[in-house]
Amino acid sequence: MSIDLAIVNLTAGGLSSGYRKHLAALLPRFAASPRVSRLRVFSPAGSRSVLPSDVAEHAFWPDRDVMSAHRWLRAAIATAPPDVVFVPTARWVDLGSAPVLIMVRNMEPLVLPFGGNTLAESVRNLARRRAAHRACARATRIVAVSDFVRGFLTERWRMRADKVAVVYHGVDLPASGAPGDQPATVPIDVARGPFLLAAGSIRPARGLEDLVSAVALLAARGVQIPAVIAGSVSGGASYQRRIDSLAATLGVSGLLTWAGHLSASELSWCYKRCAAFVMSSRVEACPNTALEALAHGTVTVSSTRAPMPEFFGDAALYYPSGDSTALADCLSAALAFDATDRERYARRGVDVARTFTWERTSTMTLDELEQCHRAPSRSYS
């Protein structure tokens, strides 16, 4: 059996870095699979430049209002109905009788809609939460990107357990010998190291207070180590100002470097040269940046918040989320590692990363799509 597959990228126009990596990894594998007879990808016009164009039939709806986009989609799908529709996000649009597989990959609106956000962002998160619940309720099947996500959907939202499957994202191992590119935003004196690294969009859910406070505690102990914070500030400018204010109050402003958005090559350079990667997030669905750190053999210090231990196992050092003293203790231990200790954690990290392959992600996603195809037809229009 092979399926006629339509992928619908229901976004407002942009695609996050993690979303792009997911599509870039899966689209060529879907296109090459004998399990897929036809592959079409429907996306907003604003994403045209970031999608691989040579592995599928692409169609782009105009960047207009949501209702116009939905009408365009329904008309496009109706001209040649697919066997199954894959929506790699938790949003919904009525597309007739084709079974639909959705993916839940953003847990902040579901678990932490307020969490220090501005009023406007909190309102948007509540709208995202409502849209996600509607999509989960109506979808034929749901992909959860971790056991943590699946547990939330089945226990908190009461979704049928047999409807939700865990499909982990993959991670690419760095090319052997590739040094990466030193970011221009990291000062030379910091780049010479050692330094700490955190990466991800700059938002309150990132929990950077833990890192800044731990840097201050280390400084009080006589260990002056800078922290490089990579990530775009889109929507998080007020949070960045709060972190800057905290750093000033604690007297460690000079130890913080806001590196901004970094390319994959620049991030790779940082992973390879930092003394430790710090994952302080209050909520994650699948901690992609930390998986990348493990793939680079970077010593990783993570909060105990789910789903981090689910992914890292014994390849990370852990501290209770919000406990900056415990984080400082973990960082002290990591900084004291000798070459043997660092090599041991590097091997553990790479071994863990090797289990998160895009080939497995592709195969298991196709399994779910085929299950959708076998499900009874149901019309929502």
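**Entry 1: the whole protein.** I noted at the start that the model is predicted. I counted 14 helices and 13 strands in the protein. Along the principal axes, I found that the C-alpha atoms fill a box of roughly 65 × 45 × 40 Å. I then looked up the radius of gyration, which is 21 Å; this agrees with a compact globule, because 381 residues in such a globule would give a value near 21 Å.

**Entry 2: inside and surface.** I saw that 55% of the 381 residues count as buried. Among contacts with a separation of 6 or more, I found that 70% come from residues 24 or more positions apart. I put the accessible surface at about 15,900 Å², and carbon and sulfur atoms hold 52% of that.

**Entry 3: charges.** I counted 42 positive and 33 negative side chains. The centres of these two sets lie 6 Å apart.

**Entry 4: cis peptide bonds.** I looked up the bond between Gly193 and Pro194 and found it cis, with omega about -5°. Pro194 sits in the loop between α6 (188-191) and β8 (196-199). I also found a cis bond from Ala306 to Pro307, where omega is near 5°. Pro307 belongs to the loop that runs between β12 (300-303) and α11 (308-312).

**Entry 5: Arg158.** I noted a positive phi, near 60°, at Arg158, which is a residue other than glycine. I placed Arg158 in the loop between α5 (147-156) and β7 (164-166). Is Arg158 buried or exposed? Its relative accessibility is 67%, and exposed means over 50%, so I wrote down Arg158 as exposed.

Note on methods: Residues are numbered from 1 along each chain as its sequence is written. This is a predicted model: local features need pLDDT of at least 70, side-chain atom pairs count only at pLDDT 80 or more; totals for chains, interfaces and linings use all residues. Side-chain values use heavy atoms; hydrogens and water are left out. Helices (H or I, at least four residues) and strands (E, at least two) are DSSP runs, numbered from the N terminus. The radius of gyration is taken over C-alpha atoms; the globule rule is 2.2 Å times the number of residues to the power 0.38. Buried means under 20% relative accessible area, exposed over 50%, partly exposed in between (1.4 Å probe, protein chains only). Contact means heavy atoms within 4.5 Å. Accessible areas come from the Shrake-Rupley method with a 1.4 Å probe; for residues, only the protein chains shown count as cover. Lys and Arg count as positive and Asp and Glu as negative; His and the chain ends are not counted. The place of a charge is taken as NZ of Lys, CZ of Arg, CG of Asp or CD of Glu.
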